[in-house]
Amino acid sequence: MKALEDPDFAARRAQARLELDAIDPAKNGVGGADPLRRDWFEAVYALAENDPARVPWANLAPHPLVKAFVDFQARGLEGLRVLDVGCGLGDNAEYFSAAGAQVTAFDLVEGATLWAKRRFPQTRVAYCAADLFDPPPAWRGAFDLVNECYTLQALAPDLLPRALATLADLLAPGGKLLIVARARDEDPQPSSSSAALTAPLSGPPWPLPPSIFKDPACAGLEPLVVEDIAATAEVPARHWRALLRRSGA
Ligand SMILES: C[S@@+](CC[C@H](N)C(=O)[O-])C[C@H]1O[C@@H](n2cnc3c(N)ncnc32)[C@H](O)[C@@H]1O
């Protein structure tokens, strides 16, 4: 049975969401001193006390859109150096690893990476704690593929240009960035009559607008495929799945 189909798991998840929203500075309009919300992400994993139902994004399986991408590559991932960003409990990283990639996976929260290692004791994935905004210097230009699933949408929108620039910097020339994130339409122009009626974007998560793929920070990243995927029973919200290539090869 998939985790979310278990009513008990789903009930614990719903309760955890309520409790976590109540202490999330971004949900309560107080901003907080740390734009990265490090304390909140730390609290998510600490308060879960080893119950994955209490980690809102941990579904104990690779994301279906990531899984389909990996499956479509067939043997094309073998030997590739893959970096999984904001890896959480490791399901996406493990799926890339099972496809033959050499995977490094990191999260801001060390507790998440330790939990992932406990879940997968035989893992070949190199898990570590790191901050996307301050990655180890040795990672610059070191990866053939960077997988980012749901981490960009968990960042306040004003952090996105810096995040994209960093992700681009981690790719080898010709390397690719996979983005899986909730999607939204572009904001109306301020001059249009509907703009005044538009409520400020609420989040997290903050679904990404299409302009994200044309952001100046993406200057060195050429969009190869941008899929706008409607909600389905399996993925019940509109999503982007985009593949961008770092120029230089
Ligand atoms: C919404 S969760 C997604 C987790 C995982 N990618 C998945 O799809 O299940 C975002 C993850 O990014 C991590 N994170 C947040 N800010 C980060 C940062 N600045 N650097 C690295 N990881 C970060 C969080 O701790 C959390 O595990």
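Gln153 turns out to be buried, at a relative accessible area of 4% (buried is under 20% relative accessible area, exposed over 50% and partly exposed in between, with a 1.4 Å probe and protein chains only). This is a predicted model, in which local features need pLDDT of at least 70 and side-chain atom pairs count only at pLDDT 80 or more, while totals for chains, interfaces and linings use all residues. Residues are numbered from 1 along each chain as its sequence is written, and side-chain values use heavy atoms, with hydrogens and water left out.

Gln153 sits in the loop between β4 and α6 (helices are DSSP runs of H or I with at least four residues, strands are runs of E with at least two, and both are numbered from the N terminus). Its side chain reaches the backbone nitrogen of Arg182 at 2.7 Å. Leaving aside neighbours within four places in sequence, Gln153 is in contact (heavy atoms within 4.5 Å) with Ala181, Arg182, Pro205, Trp206 and Leu208.

Now for the ligand. Backbone N or O atoms lie 3.1 Å from a ligand nitrogen in the case of Leu108 and 2.9 Å from a ligand nitrogen in the case of Leu132. Thr151 brings a polar side-chain atom to 3.5 Å from a ligand oxygen. The ligand taken alone exposes 590 Å², and the protein buries 95% of that (areas by the Shrake-Rupley method with a 1.4 Å probe).

Of its 35 residues, Leu132, Val146, Leu152, Leu155, Ile179 and Leu208 touch the most other members. The largest share of this core, 6 residues, comes from α6. Not counting residues up to four places away in sequence, Leu132 touches Val85, Phe106, Leu155, Ala163, Thr166 and Leu167. A second, separate core of 24 residues includes Leu77, Val125, Tyr127 and Cys149.

Helix α4 (residues 91-98) is mostly covered, with 6 of its 8 residues buried. Those are Asp91, Asn92, Ala93, Glu94, Phe96 and Ser97. Gly100 follows α4 and has a positive phi, near 100°.

Methods: Polar contact = N/O pair within 3.5 Å; in protein donor to acceptor, adjacent residues only side chain to side chain. Core = buried A, V, L, I, M, F, W, Y, C linked by side-chain atoms within 4.5 Å.
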